[in-house]
Amino acid sequence: MNVKIALLGCGTVGSGVLELLTLQRESLEASMDLHFSIDSILVRDKARYKEAPFENLLTTDFDELLKGKPDLLIELIGGIEPARTYILKAIEQGCHIITANKDLLAEHGYEIFKKANEHHVSIGFEASVGGGIPIIKPLKDSLRNGGIHRIEGIVNGTCNYILTRMTESDKTYQEALSEAMASGFAESNPHSDVSGLDSARKLCILSTLAFSKRITPKLIYTKGIEQIDYENIQLAKSNGLKIKLVALAIHFDQKIYNAVRPCVIGPNHPFYSIDHEYNGIRLYGHSFGKIQLSGKGAGKMPTASAVFGDFLDYCHGKSDKVLSYSGDKDFSSLQINPEATRWILQITKTPSADELGRILQTFSDHKLSIHQNPVSNGIHLEIEDFLESDLIERLSLLREWCPQINVLPMLYLN
Ligand code: HSE
């Protein structure tokens, strides 16, 4: 088999893919009689790659790249445009696609898969969620009929890294973010990491696959980690807990709740030990029970390894099945968490004795049972079996008379 490859982008992940292809060439030729050539690499600025061994393959002109009639286009430029236009054009020309582009698939996956179906080409997208964790393939294949009803995921390495560093080393948010950027985990504009948007887009892909419905970012309640400060982290820590950004999807009574939100994780939950850039994805299925996958969710080689896996699947002819799923009109999207759940309320400004009395009275008046006593540097309260909508209503009462107290309600997973 001879495969002509065109690569879009040669940044962190693109250079990792080139390394893996180069490293594996001999063994692929020997074991699979697989021959491949990287014919063209699209970059924005050729000058950045002066004297690179692949300098002669570089182009800044996509149409010129397409004229070489590649069999396989590996798209690693990220973002919506021009990636969307390039991929659609390549599909029309019968070119198979591998992409790590979660932004594009979350926003325009329906259009891209439809076009791929029409032109009988495959789309490999293992690298779009969870970096090196193989999660897309199980969802598409072995777990497809497992009756998945709940997904929990730590799916953004940057946020997990920042929260871990703030917890273990008392780093400030900014210091931890700079470290994540230097390590190549963060997006070029890290706002999409810390705002929760990147997690929401990954959740769209997981939720779409798990529930066979078209889930788009606008259906996902999204809250990032920008509001989490030193006090929040310390309060959780002093109670033996950790704060993590969790993507959550619950299929409930023909409806779907999707959210990305900071959660407080107790020591009994497997996410408690998922730190730094590691991701974890937990699936709950009626037939298989619970499954959890974890691994490096961001960075050069883990993500390149997922792309490489898709490449091997393409070469083995295993990537022919293209995804198809129903539209977004045939299910309701739930705005509130349908499950009675446990919450942690953090009140981070130390209240006066009078304020504290009123806070506790407000909770007890509204039948919020409090499981933990206030700790010295703020209040950390655990309440049980409370629907989110009810909780929000009660909290608004509290804010009315004491707006300067920052109450942060977080789901408690333990
Ligand atoms: N910025 C992303 C993350 C990269 O931190 O998880 C992997 O998608």
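**Notebook: strands and ligand site**

Entry 1. I began at Q346, which stands opposite L408 in β16. I note at the outset that the model I am reading is predicted.

Entry 2. I next asked which strand is joined to β16 by 3 bridges. I found strand β10, residues 255-265, and this pair runs parallel. Within β16, L411 has C263 standing opposite.

Entry 3. Why is strand β16 described as largely enclosed by the rest of the structure? I looked up the burial of its residues, 407-413, and 6 of the 7 are buried, so the strand is largely enclosed. I recorded the cut-off for this step: a residue is buried when its relative accessible area is under 20%.

Entry 4. I turned to an open sheet of 6 strands and wrote down its order, β3-β2-β1-β4-β5-β6. The pairing in this sheet is parallel. I then looked up the edges, where β3 (58-59) and β6 (123-124) stand. Each of these two has a single partner strand, so one side of each is left without a neighbour in the sheet.

Entry 5. Within this order I examined β4 and β5. Strand β4 covers residues 72-75 and strand β5 covers residues 96-99; they pair in the parallel sense over 4 bridges. I looked up L72 and found that its bridge partner in β5 is H96.

Entry 6. I then looked up individual atom pairs at the ligand. K102 places a polar side-chain atom 2.7 Å from an oxygen atom of the ligand. For G157, a backbone N or O atom lies 2.8 Å from an oxygen atom of the ligand. D193 has a polar side-chain atom 2.8 Å from a nitrogen atom of the ligand.

Entry 7. My next item was the cover over the ligand. On its own the ligand has 260 Å² of accessible area, and the protein covers 91% of that area.

Definitions and conventions: Residues are numbered from 1 along each chain as its sequence is written. This is a predicted model: local features need pLDDT of at least 70, side-chain atom pairs count only at pLDDT 80 or more; totals for chains, interfaces and linings use all residues. Side-chain values use heavy atoms; hydrogens and water are left out. A polar contact is a pair of N or O atoms within 3.5 Å; within protein, one must be able to donate a hydrogen and the other to accept it, and residues adjacent in sequence count only if both atoms are side-chain atoms. Accessible areas come from the Shrake-Rupley method with a 1.4 Å probe; for residues, only the protein chains shown count as cover. Buried means under 20% relative accessible area, exposed over 50%, partly exposed in between (1.4 Å probe, protein chains only). Two strands pair if DSSP finds at least two bridges between them.
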